[in-house]
Amino acid sequence: MKSATFISTDVIRASFSSAMSSMYRTEVPAYGTLLSLVTKVNDQTLAASPELRHRLEQTDTLDRISEERHGAIRVGTPAELSMLRRVFAVMGMYPVGYYDLSEAGVPVHSTALRPVGDAALKINPFRVFTSLLRLDLIADAELRDEARKTLQARQIFTATAISLVEKAEAQGGLALDDAALFVKEIIESFRWHDQASVSRDLYRRLHDAHRLIADVVSFKGPHINHLTPRTLDIDAVQAMMPAYGISPKAVIEGPPTRACPILLRQTSFKALEESVSFKNDQGAWEAGSHSARFGEIEQRGIALTPKGRALYDRLLAESRKVVRPAPDGSNADAYTAALADAFNAFPDDWDSMRRQGLGYFRFTPVQNFPHTSLSPRDASDVETLVALGAVQFDPIVYEDFLPVSAAGIFQSNLGDDDSQKFAASPSQREFEADLGTPVLDEFAHYEGLQKASIERCRQHYRPVAL
Ligand code: OOG
Ligand code: NI
């Protein structure tokens, strides 16, 4: 009864996603350019492929494409991370997956805060790649202490935002006015601040330890560092970017171009050098610069099963043994060719992928199929239902991230001079303790979606008891 007056978490998330997008368009105009380019390419792709349009319409997912994006933020302390988890829960976003980036030379570990479940994803799939800085990976103890003290002294959320999170938790949701205020206040945490909160000297020392450490520690808050629209044809957008005045990174991360896209392909443009200022000993502001914010696009394909993912990982590793993409793009063509070559071993049609158990699918009853032609035995077996044309299957979209791609995106924005290496030290238990909850296992989640769709088909064709 009381809950009827609360705004749905999906609506709060959609409103937040749209507010973030307008803020970022104002802050980073190239993001706006990228958005128009993506919209144009998506429209062209849909016009050229009525079949794709039809499939997206049928699965009720056409509308989400143009709305779709992800963002990324980096926080500095366990307290910030756990508060973020509570903030995002108000918008129906929960931690899925654990990503250890230390292995790739980036001193963070991460999760995706995102909606789970079919209904929520259809309404708005906005997700945030959320990283926690690993101060334990800073070798210099003195610098580590200074960084920790600086982070402990900041408050990244407004007092109103915190009280609204507490209110939402206590009463189980937010009413209209509170929800609008919540979005307005939370946006403040992700805004860009060009006045650093550390001295130029400390900034330089943090930067020497790792550019990312300087980015997280030196500012008032965890500015959103990119927002990523989803394109239906990433090769086309990549090729058109230069004509729009944007220069993309050398190669697209992830799998090669395919008829049936798998997982995730991503590319980005380099972080911009931005003016910032540092306070000197006399209390006056002095000009400096920092590069943090960039643009990215992605194309999403089918979520793979552990078997499919193992095949993907193996083929990617094989191709990288032949050619490793150089950051300057000098061997981009050779890399693309080696990647395509390795992935010849990955079936490129939905039927084979389903039959070989490589990807997750959503099964739905075909409209107007005559129930009477089915025996109870046929009706209980989804493969038989598929063979008889009673059930159709559509790929379940991969909603998560890829550590190798994420590392490529991080690296393309860190510059090629970054020689610092960290020992690989995955630490999921510690991350979950800092977050305040375990992360959801992505495979279990996709498996659950597939199973539920099979169950709905069985129910649909269940013989009616006489
Ligand atoms: C996050 C990089 C990872 C992606 O799309 O894989 C990411 C960051 O730079 O903070 O966003
Ligand atoms: Ni990203």
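This is a predicted model: local features need pLDDT of at least 70, side-chain atom pairs count only at pLDDT 80 or more; totals for chains, interfaces and linings use all residues.
Q: How do the residues of the shell around ligand 1 divide into nonpolar, polar and charged?
A: Let's look at who is there: 12 residues surround the ligand, and the closest are Ala 72, Phe 129, Phe 401, Ala 406 and Ile 409. Taken together, the shell divides into 6 nonpolar, 4 polar and 2 charged.

Q: Which strand gives the largest share of the side of domain 1 that touches domain 2?
A: Start with the division of the protein: domain 1 covers 3-301 + 400-435, and domain 2 covers 361-395 + 438-466. Where they meet, 12 residues of domain 1 are in contact with 7 residues of domain 2. The largest share of the domain 1 side, 5 residues, comes from residues 94-100, which form strand E3.

Q: What is the radius of gyration of the protein?
A: The chain folds into 20 helices and 13 strands. The globule rule gives 23 Å for 466 residues, and the protein comes close to that, so it is as compact as a globular protein of that length; its radius of gyration is 23 Å.

Q: What percentage of the contacts between residues at least 6 apart in sequence join residues at least 24 apart?
A: Here is one more view of the fold, in which buried residues make up 42% of the 466 residues. Among contacts between residues at least 6 apart in sequence, the share that joins residues at least 24 apart is 74%.

Technical notes:
Residues are numbered from 1 along each chain as its sequence is written. Chains are lettered from A and ligands numbered from 1 in the order in which they are written. A residue is near a molecule or strand if its C-beta atom, placed from the backbone, lies within 6 Å of it. Ala, Val, Leu, Ile, Met, Phe, Trp, Tyr, Cys and Pro count as nonpolar, Asp, Glu, Lys and Arg as charged, and the others, Gly among them, as polar. Domain bounds come from an automatic or database domain assignment. Two residues are in contact if their C-beta atoms, placed from the backbone, lie within 7 Å. Helices (H or I, at least four residues) and strands (E, at least two) are DSSP runs, numbered from the N terminus. The radius of gyration is taken over C-alpha atoms; the globule rule is 2.2 Å times the number of residues to the power 0.38. A residue is buried if 20 or more other C-beta atoms lie within 10 Å of its own, exposed if 12 or fewer, and partly exposed in between; C-beta atoms are placed from the backbone.
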